[in-house]
Amino acid sequence: LAARFGPRVARLVAAVTNPRYDPTRDRDEQYREHVAASLDRDPWARVIKVSDFTDNGVGVIHTVGPKVESSARKYRPLVPVYRELVMRPDTPLSADVKAHILGQLELAEERFSAILDQPAHNH
């Protein structure tokens, strides 16, 4: 990747690519740790990952089957992490874009809550 697209692109791809998971630990927890650590280091990786996250989070209502709940469980704990990362002064986005992203994160959080916080159904 670095040879073809340069070291910057290779670094960004590595920052937003899921690592190999330790099978003895919770995958979602490892995913969240990786996201927080890699995005802490690289402001441009934040822009890429937050764009992907808001698309997936807001679009979760278009997901069907068991993946709806598992996606919401995996992603909901990341909303405050992304919120904090987006608002950092070194995140290379304008104030109005940051405000828009915060709105998208809020919408995603509302959708995760609607999926996960509904009362149990009696069958």
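**Notebook: salt bridges and helix packing**

I began with R25, which forms a salt bridge with E33, the closest N and O atoms being 2.8 Å apart. By salt bridge I mean a side-chain nitrogen of Lys or Arg within 4 Å of a carboxyl oxygen of Asp or Glu. The model is predicted, so local features need pLDDT of at least 70, side-chain atom pairs count only at pLDDT 80 or more, and totals for chains, interfaces and linings use all residues. I number residues from 1 along each chain as its sequence is written, and side-chain values use heavy atoms, with hydrogens and water left out.

**Entry 1: the pairs around R25**

I then checked accessibility, where buried means under 20% relative accessible area, exposed means over 50%, and partly exposed lies in between (1.4 Å probe, protein chains only). R25 is partly exposed at 35%, E29 is partly exposed at 38%, and E33 is partly exposed at 40%. In total, I found 10 salt bridges in the structure.

**Entry 2: D90 and R46**

I next examined the salt bridge between the side chains of D90 and R46, which has an N to O distance of 2.8 Å. This pair links distant parts of the chain, 44 residues apart: D90 is in the loop between α6 and α7 (95-116), and R46 is in helix α4. For the helix names I note that helices (H or I, at least four residues) and strands (E, at least two) are DSSP runs, numbered from the N terminus.

**Entry 3: α4 against α6**

I looked up how helix α4 (residues 43-58) packs with helix α6 (residues 79-87), and found an angle of about 140 degrees with the axes 11 Å apart. Axes are lines fitted to C-alpha atoms, for helices over the stretch in contact, and angles run from 0 to 180 degrees between N-to-C directions. The two helices are therefore oblique to each other; angles under 35 degrees count as roughly parallel, over 145 as roughly antiparallel, 65 to 115 as roughly perpendicular and the rest as oblique.

Which residues make the contact? I listed R46, K49, V50 and F53 from α4, and V79, Y82, L85 and V86 from α6, contact being heavy atoms within 4.5 Å. These residues divide into six nonpolar, no polar and two charged. Here Ala, Val, Leu, Ile, Met, Phe, Trp, Tyr, Cys and Pro count as nonpolar, Asp, Glu, Lys and Arg as charged, and the others, Gly among them, as polar.

I located P92 in the loop between α6 and α7, where P92 is partly exposed at 29% relative accessibility. Leaving out residues up to four places away in sequence, P92 touches P43, W44 and V47. The C-alpha atoms of P92 and E29 are separated by 27 Å.

Lastly, I noted A10, L12 and A15 as the buried residues of helix α2 (residues 7-16). Their cover includes α1 (2-5), α3 (27-41) and α4.
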